[in-house]
Amino acid sequence: MGLELTPPTIALRDLTLGYDRHPAVHHLDGEIAPGALLAICGPNGAGKSTLIKSIVGIVNPMGGAVDFGGAREKHGKREKIAYLPQAAQIDLSFPIDVFDMAAMGLWRDIGLFGGLSKLDLQKVREALASVGLNGFERRQIGALSGGQAQRLLFARLMLQDAAVILLDEPFSAIDERTVDDLLGLIARWRGEGRTIVAVLHDFDMVRARFPETLLLAREKIFWGPTEEALSPENLARARKMIEAFDERASACVRAG
Ligand SMILES: Nc1ncnc2c1ncn2[C@@H]1O[C@H](COP(=O)(O)OP(=O)(O)OP(=O)(O)O)[C@@H](O)[C@H]1O
């Protein structure tokens with residue numbers, strides 16, 4: 001599948017994010033270059049999901065901005081961002097089969113009530129085949145294993161044909177073979193010039209596959225080459241930073 005739009009530079013400018021006026025991410029600056037393959041790492045509660053959601057536009061900044069350099073509106077269309085939330089936030093219990101679920105990746109192009117053309121049907125079949133789900137087209141999604149469900153979600157992402165793809169812990173509770181297959185897809189997307197940002201906890205995988213890493217612990221600990229980002233010193237600083245926040249949190253609870 002060719003890339004219709006070149007990815008924008010995504011600039012985070014003094015970005016502060018939070019919930020109910022409690023900041024979760026502080027004063028973050030940095031740029032995600034077009035075609036970047038960026039891992040976001042950090043302890044639990046570091047603000048990784050919150051950051052991803054702010055790039056998608058689900059969480060609004062308390063301060064600063066996520067700046068697409070005016071490129072979010074191009075050719076009369078909103079720049080497409082594909083987003084895969086954490087598995088726990090995805091409801092796979094509704095009655096729909098694998099084929100129709102994957103085809104939902106095309107809805108921006110065909111509209112909610114548009115029919116699928118022959119070419120669309122072909123695209124869906126190809127996407128399912130490329131994640132190893134041929135033969136599963138008419139299976140209800142609730143009857144898939146965790147790994148098969150994740151393959152399906154990757155097929156749907158692929159059909160969105162977005163210039164920017166954001167993945168929040170895409171490999172938790174997924175077996176090694178599925179992870180390898182899905183990492184292969186990510187490499188293919190990168191080869192097509194897409195920007196890919198993934199929240200990941202497996203440092204070995206990040207070192208092997210992701211050239212650039214943002215190590216986050218409520219604020220930027222390091223953003224740059226992965227080997228440096230994940231140095232023992234930076235990881236220790238990230239842990240300390242989160243512990244400091246936890247202490248403050250429990251002090252507030254006691255005070256309340
Ligand atoms: N909807 C929400 N309402 C209030 N607070 C929230 C909400 N979502 C997240 N938070 C808080 O914001 C902080 C950052 O959470 P976030 O989920 O971004 O961290 P994370 O780095 O993705 O963590 P994990 O690795 O555990 O998924 C945490 O203190 C969390 O409790």
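Thr213 stands opposite Gly224 in strand β11, where strands are DSSP runs of E with at least two residues and helices are DSSP runs of H or I with at least four, both numbered from the N terminus. This is a predicted model, in which local features need pLDDT of at least 70 and side-chain atom pairs count only at pLDDT 80 or more, while totals for chains, interfaces and linings use all residues. Residues are numbered from 1 along each chain as its sequence is written. The chain holds nine helices and 11 strands.

**Sheet**

- An open sheet is formed by six strands in the order β7-β8-β9-β3-β10-β11, with mixed pairing; two strands pair if DSSP finds at least two bridges between them.
- At the edges are β7 (81–84) and β11 (220–225), each of which pairs on one side only.
- From one strand to the next, the twist averages 15 degrees, with axes as lines fitted to C-alpha atoms (for helices over the stretch in contact) and angles from 0 to 180 degrees between N-to-C directions.
- Strand β10 (residues 212–216) is antiparallel to β11, and five bridges join the two.

**Strand β9**

- All five residues of β9 (residues 195–199) are buried, so the strand is largely enclosed by the rest of the structure; buried means that 20 or more other C-beta atoms, placed from the backbone, lie within 10 Å of the residue's own, against 12 or fewer for exposed and partly exposed in between.
- Thr195, Val197 and Val199 point one way from β9, whereas Ile196 and Ala198 point the other way.
- Strand β3 (residues 37–41) runs parallel to β9 and is joined to it by four bridges, with Ile40 opposite Val199.
- Strand β8 (residues 164–168) is also parallel to β9, through five bridges, and Leu166 stands opposite Val197.
- Together with helix α6 (residues 176–191), β8 and β9 make a right-handed β-α-β unit: with the strands pointing away from the viewer, the path from the first strand over the helix to the second runs clockwise.

**Ligand shell**

- Around the ligand are Tyr19, Ala24, Gly42, Asn44, Gly45, Ala46, Gly47, Lys48, Ser49 and Thr50, each with its C-beta atom, placed from the backbone, within 6 Å.
- Helix α1 (residues 48–56) gives the most to this shell, with three residues.
- Three residues of the shell are nonpolar, six are polar and one is charged; Ala, Val, Leu, Ile, Met, Phe, Trp, Tyr, Cys and Pro count as nonpolar, Asp, Glu, Lys and Arg as charged, and the others, Gly among them, as polar.

**Whole chain**

- Of the 256 residues, 34% count as buried.
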